[in-house]
Amino acid sequence: MDAVAVASACAEAMWAGDATSRAHGMELVAVEPGGATFAMVVTERMTNWHGTCHGGFIYLLADTAFGYACNTRNQRMVAQHCNISYLNPAQRGDRLTAHAVERRREGRTGIYDVAVMRADGTTIAEFRGNARVIEGTLLPAAK
């Protein structure tokens with residue numbers, strides 16, 4: 001399997017067990033080696049008392065894209081450290097897209113950046129995550 005096929009197969013394996021992302025209406029838009037894009041529409045139940053999207057939902061979207069991007073090479077990875085900067089509010093009805101890209105991958109660690117944007121191109125948040133490889137793979141060994 002080439003790298004793109006491996007990334008797609010890893011994403012399919014993760015999606016099969018990802019009830020949280022599906023429950024929040026997330027959609028896997030694209031996946032490639034070291035990258036993933038997810039989208040989500042902000043619903044009324046996601047808004048806070050300010051009438052804007054609660055930061056936890058934005059973090060969840062960014063973290064999901066990060067997690068899928070980390071796991072595109074059939075090595076299981078988990079987060080070591082993540083941080084997020086909220087730059088603009090998101091409103092009910094906004095379609096948010098989180099695009100994760102691998103910035104550096106060396107040995108057992110990787111650094112990933114995620115931009116969460118509104119459909120009009122406004123950046124809602126920037127997320128950076130560090131991940132490390134753990135034991136195991138997502139895909140069964142080829143026979």
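Reader: In which sense do strand 5 (residues 109–118) and strand 6 (residues 123–133) pair, and over how many bridges?

Author: Strands of a sheet pair through backbone hydrogen bonds, either parallel or antiparallel. Strand 5 and strand 6 are antiparallel and share nine bridges; T109, for instance, has R132 of strand 6 as its bridge partner. Two strands count as paired if DSSP finds at least two bridges between them. Strands (E, at least two residues) and helices (H or I, at least four) are DSSP runs numbered from the N terminus. This is a predicted model, in which local features need pLDDT of at least 70 and side-chain atom pairs count only at pLDDT 80 or more, while totals for chains, interfaces and linings use all residues. Residues are numbered from 1 along each chain as its sequence is written, and side-chain values use heavy atoms, with hydrogens and water left out.

Reader: In what order do the six strands lie in the sheet?

Author: The open sheet has the order 1-2-4-5-6-3, with antiparallel pairing. Strand 1 and strand 3 (77–86) are at the edges with a single partner strand each, so one side of each lacks a neighbour in the sheet. On average, neighbouring strands are turned by 20 degrees against each other, direction ignored. Axes are lines fitted to C-alpha atoms (for helices, over the stretch in contact), and angles run from 0 to 180 degrees between N-to-C directions.

Reader: Which strands does helix 1 (residues 3–16) touch, and which does helix 3 (residues 55–70) touch?

Author: Contact means heavy atoms within 4.5 Å. Helix 1 packs on the sheet against strand 1 and strand 2, its direction making about 150 degrees with that of strand 1. Helix 3 also packs on the sheet, touching strand 2, strand 3, strand 4 (95–106), strand 5 and strand 6; its direction makes about 140 degrees with that of strand 3.

Reader: Which residues of helix 3 are buried?

Author: Buried means under 20% relative accessible area (1.4 Å probe, protein chains only). The buried residues of helix 3 include F57, I58, L61, F66 and Y68.

Reader: How is strand 1 joined to strand 2?

Author: Five bridges join strand 1 (residues 27–32) to strand 2 (residues 35–41), and the two run antiparallel. L28 has F38 in strand 2 as its bridge partner. In the hairpin of these strands, with two residues between them, G34 takes a positive phi near 80 degrees.

Notes
Buried means under 20% relative accessible area, exposed over 50%, partly exposed in between (1.4 Å probe, protein chains only).
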